[in-house]
Amino acid sequence: MRRGECSCSQLRAISSLAAGQEAIPKTESEVDEEGPKTGTLPTNESLGEQGQELVVLPTNESSETLLRLRHTSAHVMAMAVQKVIPEAKVTIGPWIEKGFYYDFDIKEPLAEKDLKKIKKEMDRIIGRNLPLRREEVSREEASRRIQAINEPYKLEILESIKTEPITIYHIGEEWWDLCAGPHVERTGQLNRKAIELESVAGAYWRGDEKRQMLQRIYGTAWETEEQLKAYQVQKVEAKRRDHRRLGQDLDLFSIQEDTGAGLVLWHPKGALVRQLIEDYWKKIHLRKGYELLYTPHVAKLDLWKTSGHIDFYKENMFDQMDIEEELYQLRPMNCPFHIQVYKHVPRSYRDLPIRYAELGTVYRFERSGALHGLFRVRGFTQDDAHIFCLPDQIRSEIRGVLDLTEEVLTQFGFKRYEVNLSTKPEKAVGSDEIWSRATTALKQALDDKGWDFCIDEGGGAFYGPKIDLKIEDAIGRKWQCSTIQVDFNLPERFKLSYVDSEDKKQPIMIHRAIFGSVERFFGILIENYAGDFPLWIAPVQARLLPVTDTEVPYCKEVVAKLKENDIRAEYADGERLAKLIRNAETEKIPLMAVVGPKEVQSRTLTVRTRHGGELGTLSIEEVIQKIENSVATRTLL
């Protein structure tokens, strides 16, 4: 195995065989792959006064043992449910990122007391140390057994399984389910003190609102009791940082029913933070040799037919609109527009590489049950870029993207990453030679960068290999953000070309995003900082607090002076000083200055910061200098 690599192929193969060999439906409470990923326990610093010892939490990706424990826990839970509620019908029950779930058809709504009974029965099953046995049967035999126990959902699952033979997993001689595995050998290998049933949610069968509403029981399972306790601490901390609540409390954004589900309204403070993020993004891209584009939000349907989106992505696209007897489509992607700009004039090999970048808003249809704050929306802005280059430029261009990604993410406080390189799948476009060349270039760029990475064998997109990067936040969760994808498909579909000394040739196209989407990245920032933004992107950097109305004119004068120096300042009055200070703390204002008669007479400010405490009495010029230094160096004041 190469330095810096680990193999993810086994995990990917296992993950593709979910319980019942069936795709997992999205439901009202599910955040799917774009939601938070559990990594490590919060540090003592991030947990404040809780003072928990740092415990590293394993993931399904890092521990196949944990994955087996969780999958087995799901089966044990289903067995327990049918012992407690014999009339319950089972559907599917896979492992998920933080544990497991199972869906049941149960007439009466489950309550907290039911979960306690189910967990007690699970503990009994675990204590009996029953064996788990894999059995292969014919499709006909599986159908006969399912009909014998009157499990209609299992019969439908069986019909959807296309592979042979059919595999069944037994718990002792008392319970079984269609399943591809994997599991532990005996129920006694589960640690009953490391398992918890967490909640119940509604879930439509097959994710279809027209089908039966089921009851989904979520659980979490870990290798040790200490890991479970660490996860519980992290869960409490995650709730405190929830961007939906903080977005409302800090008046940053809203998603309102009258406007439409999944459509974000940016309030003044949130819009200001977004503007600062985008200004920085544009500035650094121009410095790194990118050219900025603005492209339409709609295009003729034929463009999306050429790109293939109508064939492969239609279910995620909104309906077309008829404009003067021609069909137009809201864009789900930006890439076809960037391609059109490339095609506008003939290109020479001397022109390459060409780097186009755009903060382009796209629109994708998401079912209401999948929407989740800023993390899953119907309209969002991608920090999109496309690089058109020669084959021998792939390595250097990818390295440039990696350097830029690191520089950008570091500015926002993210310094720990998980990197995955996905290679050619079974079904793919492009020759083996170009796949090999591109994949080697990606590996070499990662080696040049010195980053450790996992190889996901066969996990690439059909159009090319890719690098995905997850960032780790302040409490150890991992979030999929940055992606770099080599594309052999769109250049062929759009007949892209450049002229070299001999003939016309096809350029290599690289898709690239650093934030993923501005909305989602903003939500991650809120949760990472618990709404307490660093000074350089805080919507209000300084607030002046007059002791009485007499000091208000001086506060106005100072605020004007600070604004002249591009410092986002304001003053607040009309309340007792203690209330003004509490309000500033609640609103997480980085710097506050109490202004009394002494400050007015000496033309100074008595300054206190959220992180540095009292700075003492300073001149206005000294305050400006300190703020400017802090912003320039991205350090705490």
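Let me start with what I mean by a cavity: on a 1 Å grid over the protein atoms alone, it's a set of points where a 1.4 Å probe fits but cannot get out, and a residue counts as lining if it has an atom within 4 Å of a point. Grid points are joined across faces, edges and corners, and a volume is the space filled by probe spheres set on the points.

Now the ground rules. This is a predicted model, so local features need pLDDT of at least 70 and side-chain atom pairs count only at pLDDT 80 or more, while totals for chains, interfaces and linings use all residues. Residues are numbered from 1 along each chain as its sequence is written, and side-chain values use heavy atoms, with hydrogens and water left out.

OK, cavities. How many of 30 Å³ or more turn up in a search of the whole structure? There are 3. For the classes, Ala, Val, Leu, Ile, Met, Phe, Trp, Tyr, Cys and Pro are nonpolar, Asp, Glu, Lys and Arg are charged, and the others, Gly among them, are polar.

The second largest cavity holds about 40 Å³ of space. Around it you'll find Trp281, Lys282, Leu292, Leu293, Tyr294, Ala357, Glu358 and Leu359. Two elements each give two or more residues to that lining, namely H8 and strand S16 (354-363). S16 gives the most, with 3 residues. By class, this lining has 6 nonpolar, no polar and 2 charged residues. When I say helix or strand, I mean a DSSP run, H or I with at least four residues for helices and E with at least two for strands, numbered from the N terminus.

Let's stay with H8, and look at its packing. Helix H8 (residues 268-287) and helix H12 (residues 394-411) have axes that come within 12 Å and cross at roughly 155°. That makes the two roughly antiparallel. The cut-offs there: under 35 degrees is roughly parallel, over 145 roughly antiparallel, 65 to 115 roughly perpendicular, and the rest oblique. The axes are lines fitted to C-alpha atoms, for helices over the stretch in contact, with angles from 0 to 180 degrees between N-to-C directions.

And the handedness? H8 passes H12 in a right-handed crossing. Here's the convention: if the near helix is turned anticlockwise from the far one by less than a right angle it's left-handed, and if clockwise it's right-handed. On the H8 side we have Tyr280, Ile284, His285 and Arg287, meeting Leu404, Glu407, Val408 and Gln411 of H12. That contact divides into 4 nonpolar, 2 polar and 2 charged residues. Contact, by the way, is heavy atoms within 4.5 Å.

H8 has another partner, helix H15 (residues 518-529), with axes 11 Å apart and an angle of about 110°. Those two are therefore roughly perpendicular. Gly270, Val273, Arg274, Ile277 and Glu278 of H8 make this contact with Val518, Glu519, Phe522 and Leu525 of H15.

Over to another pair: helix H4 (residues 139-148) packs on helix H5 (residues 152-160) at about 165°, axes 9 Å apart. So H4 is roughly antiparallel to H5. Their crossing is left-handed.

Most residues other than glycine have a negative phi, and most peptide bonds are trans. Where do we find cis ones here? One joins Gly181 and Pro182, with omega about 5°, and Pro182 is in the loop between strand S7 (175-178) and strand S8 (195-204). Another cis bond joins Leu352 and Pro353, again with omega about 5°; Pro353 sits in the loop between helix H11 (335-343) and S16. Then there's Glu324, not a glycine, with a positive phi of about 50°. Glu324 is in the loop between strand S14 (321-323) and strand S15 (326-330).

Note on methods:
On a 1 Å grid over the protein atoms alone, a cavity is a set of points where a 1.4 Å probe fits but cannot get out, and a pocket is an open set with protein on both sides within 12 Å along at least five of seven lines; lining residues have an atom within 4 Å of a point.
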